[in-house]
Amino acid sequence: MTPSDFNAFCRSLPHTTHVVQWGGADVWKVGGKMFATMWAGDDPYAGITFKASPMSYELLRTEPGLRPAPYLASRGLKWIQRVSDESMSDDDLRLYLKHSYDLVFAGLPRKTRIALGGADAVVSRPSASRRGPASGRGTRRG
């Protein structure tokens, strides 16, 4: 995947922002949180990095052309870096980039997801009124 293909795909996802940081990496974010980055060139860290689910991380981390993402994975985070298309096609990479976006979006604070128009992605939790009556402990009655 070329840098222009990578940037075009990430740009196509809703509410994304792009910054260039760390000396030239294209970094894509949603709600201020990174979901993908590409470091192009001959650098030993060159590749496309994305967040993975724990299961995907375990399946992908030893595949040819893929590796745990330098820096991120060494801190216990489940990020994969594709350094070649040996075992992951560009089409599959797009699926993983979209999944990374979804993982990061789902992890945003509820208020941020709603502000970005993702009310349908809000994880519903029972409100106090649906949990049943309060036990009365810890309340002050007058």
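User: Contact means heavy atoms within 4.5 Å. Which residues does F6 contact, leaving aside neighbours within four places in sequence?
Analyst: The model is predicted, so local features need pLDDT of at least 70 and side-chain atom pairs pLDDT 80 or more, whereas totals for chains, interfaces and linings use all residues. Residues are numbered from 1 along each chain as its sequence is written, and side-chain values use heavy atoms, without hydrogens or water. With those neighbours left aside, F6 is in contact with M1, D26, W28, A36, T37, M38, I48 and L97.

User: Which residues of the largest nonpolar core touch the most other members?
Analyst: A nonpolar core is a set of buried Ala, Val, Leu, Ile, Met, Phe, Trp, Tyr and Cys residues joined through side-chain atoms within 4.5 Å; buried means under 20% relative accessible area (1.4 Å probe, protein chains only). The largest one has 26 residues, and the members touching the most others are F6, F35 and L97.

User: Which element gives the most residues to this core?
Analyst: Helices (H or I, at least four residues) and strands (E, at least two) are DSSP runs, numbered from the N terminus. Those giving two or more residues are α1 (3–12), β2, β3, β4, α2 (54–60) and α3. With five residues, the largest contribution comes from α3.

User: In what order do the six strands lie in the open sheet?
Analyst: Strands pair if DSSP finds at least two bridges between them, and here the pairing is antiparallel. At the edges, β1 (16–21) and β5 (66–68) each pair on one side only. The order across the sheet is β1-β2-β3-β4-β6-β5.

User: What angle does helix α3 make with β4?
Analyst: Helix α3 (residues 90–106) packs on the sheet and touches β1, β2, β3 (33–39), β4 and β6. Axes are lines fitted to C-alpha atoms, for helices over the stretch in contact, with angles from 0 to 180 degrees between N-to-C directions. Against the direction of β4, that of α3 makes about 40°.

User: How far from K29 is the nearest side chain of opposite charge?
Analyst: K29 is found in strand β2 (residues 25–30) and, beyond four places in sequence, touches H15, T16, T17, V19, Q21, M34 and F35. Lys and Arg count as positive, Asp and Glu as negative, with His and the chain ends not counted. K29 is buried without a salt bridge (a side-chain nitrogen of Lys or Arg within 4 Å of a carboxyl oxygen of Asp or Glu). The nearest opposite charge is on D26, at 12 Å.

Key
Buried means under 20% relative accessible area, exposed over 50%, partly exposed in between (1.4 Å probe, protein chains only).
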